[in-house]
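Here is a brief report on one structure. Take a look at it before reading on.

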Amino acid sequence: MELMNNVKIKSKNLNVYYGEKQALFDVNLDLNEKEVTALIGPSGCGKSTFIRCINRMNDVIDICKVSGNIEIDGVEINDKNLDVVSLRERVGMVFQKPNPFPKSIYDNISYGPKIHGKGETKSELDEIVENSLKKAALWEEVKDRLDEPGTGLSGGQQQRLCIARAISVNPEVILMDEPCSALDPIATAKIEELIDELKKTYTIVIVTHSMAQAVRVSQKTGFFHLGKLIEVGKTEKIFKNPDNKMTQDYITGRFG
Amino acid sequence: MSNEHTVKSYEEELRYLIDSVIKMGSLTESQLVDSMDAVIKVDKDSIDKIIKSDDEINKFRSKIDTQIMTLLVKRAPMAIDLRETISSLKISQDLERIGDLSKSNAKKVKPLPLDLPEELLGNLKRLGDLVIKQLNDVLDSYVNKNYGKAKEVWEKDEQVDDLTYIAMESVIDFLSKDKKNLDFSTHLIFATKNLERAGDHITNIAESICFLIKGEYLKGSRPKGKVIQQ
C-alpha cells in the first residue's frame, strides 16, 4: 500500500480578490508534508496567487483581499495576530527570476539568519552559510569566492543561491514560482535534482508551466483554471489519465 | 479525442498515426482472409501473393514505429495522447505477429493434398471464420473507440479456444486413421495452432484498446476455453 504523507498545508474555501476582480474561487487543497506539489494551469489561472497566500505575500498588495482559511500544521495563518515575519521564516519562497541581493554570496545567505536572530557568532553564521550552500548544491562551486557578489554568478547558480538563501532560515515549506523558466536545460536539471533532495526535508510547492517538469518533480499536481482548482491528484494519474476533461484538454494542448 | 490540438501539426501527426494503424489493420485482415481461403481451397497459386502482402504489413510496422518515435520526441504526449501513442505501438506489434501467422499458414498450403475431407476443413474453416470476425470486430472497436465491443472480443476468445480444440481433434482423428496422413496433418495442426495464436494477439489488441479508452487495464483473467486448459 502506498503511504500518503501528512497534510502540512490545508486551504479551505479560499477566495482572493484583487479589488473587484476575484482571482481565486473557493479553493480547497491539501498539500502533503515532505512532498512536492506542482500547480499547473494557463497564465492568470490563480496558481501564483494561491502560493502567495501560503506566506501571505498578498498582504503587500493593498487592493488584495483574502477570505477563507489556510492552515499550516492545523494553525490558521490568516489570523491578524499572526506574526507574518515568523510565518515567512517558516515558508520560504523562490521566484521566477533569480533575485540575489546586490551583496556578497556570503551575505546573501547570512542576511536571513541574522535578522531572524539565528546566527549570533561568526562561526555559527559560517556554518549556516556552508550548510545552506551545500543543501542547495552550490557549495563546491562557490566555496572559494564567498565574498564575491551573488549577482556575478550564472543564472542557474543565482537561482540555487536564492534556494540556499531560502533554506538558511531553516523553513518548513518552500514555495517556488516557476523557478526554472529563466534557466537553460542543464541548470534546470540541477534545480530539479535539488528539489528531489530538498523534499526529504521540506514541503515544496512549485508553480510551473512545464508539464514535463511537473511530471518529473512532483508527487501531487493541481490544475487551476480561471481561479478555480479544477482537479488535483497524484501526478502520474493527472498526466496519464485525468478525470476532468478540462485537465486533459490543458495538458494535451487542446486549450482555447 | 475530443477538441483539436492548438498546434495543428500535432493533431495531424496523431491522426496520421491512427490512420496508419487502421490501414495496417485492414491489410492484416485481408491477408488473414486470403490465407484462410488458400488453406480451405488448397489454393497453391495464391501463396506468393500472401507472402508478399506480409512485406507490406512489415513496412507499415516500421513506418508506425518511426511515427511514434517522432511523436514522442516532438510532442511528449500526455494523457489520452500518450495512451493513443503507446497503444498504437502495441497494436501494430500484434498486427505484425498476426501477419506472420497468416504467412506461415499460407506456406502450409503447399504440401496439402487437394482432396482433404470436408469435415476436417469444415472445422478449420469455422475456426478461421471466427478469428477473422474477431479481428474485424476488434479493428472496428479501435476505429470507433468502442470499449464495450473491445471487451466483447476479449471475452469471446474463449470460443476461439474451443473451436481450436475441435479442429485439433478432427486433425488428430484423421491422422490416426492412416499414418500416411502424417506429413500434411502436422501442417494442419500447426495451421490450427497459428489461428489460435492469432486469436491471442487479437485479445491483446482488445486489451490495448480498453486501456486506450479508459486508461486502465481490464481486470480479472480472461475466460479461457478447452485448448488452454489441457
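How many residues does the contact take from chain A and from chain B? Chain A gives 15 residues and chain B gives 17 residues. The model is predicted.

## Buried area

Together, chain A and chain B bury about 1100 Å² between them. Carbon and sulfur atoms carry 45% of that area. On chain A, three residues stand out: Asn241(A), Thr252(A) and Arg254(A) supply 47% of the area that chain A buries against chain B.

## Polar and charged links

Between chain A and chain B the count is one salt bridge. Its partners are the side chains of Arg254(A) and Asp81(B), at 2.9 Å from N to O.

## The chain A side

Three helices of chain A each supply at least two residues to the side that touches chain B: H8 (211-217), H9 (235-240) and H10 (245-251). H10(A) gives the most, with four residues. By class, this side of chain A has seven nonpolar, four polar and four charged residues.

## A buried serine in chain B

Ser102(B) sits in helix H3 (residues 79-107) of chain B. Is Ser102(B) buried or exposed? Ser102(B) is buried, because its relative accessible area is 1%, and the cut-off for buried is under 20%. Leaving aside residues up to four places away in sequence, Ser102(B) touches Gln31(B), Leu32(B), Ser35(B) and Ile50(B).

Terms used: Residues are numbered from 1 along each chain as its sequence is written. Chains are lettered from A and ligands numbered from 1 in the order in which they are written. This is a predicted model: local features need pLDDT of at least 70, side-chain atom pairs count only at pLDDT 80 or more; totals for chains, interfaces and linings use all residues. Side-chain values use heavy atoms; hydrogens and water are left out. Contact means heavy atoms within 4.5 Å. Buried area is the accessible area (1.4 Å probe) that two parts lose on being put together, summed over both. A salt bridge is a side-chain nitrogen of Lys or Arg within 4 Å of a carboxyl oxygen of Asp or Glu. Ala, Val, Leu, Ile, Met, Phe, Trp, Tyr, Cys and Pro count as nonpolar, Asp, Glu, Lys and Arg as charged, and the others, Gly among them, as polar. Buried means under 20% relative accessible area, exposed over 50%, partly exposed in between (1.4 Å probe, protein chains only).
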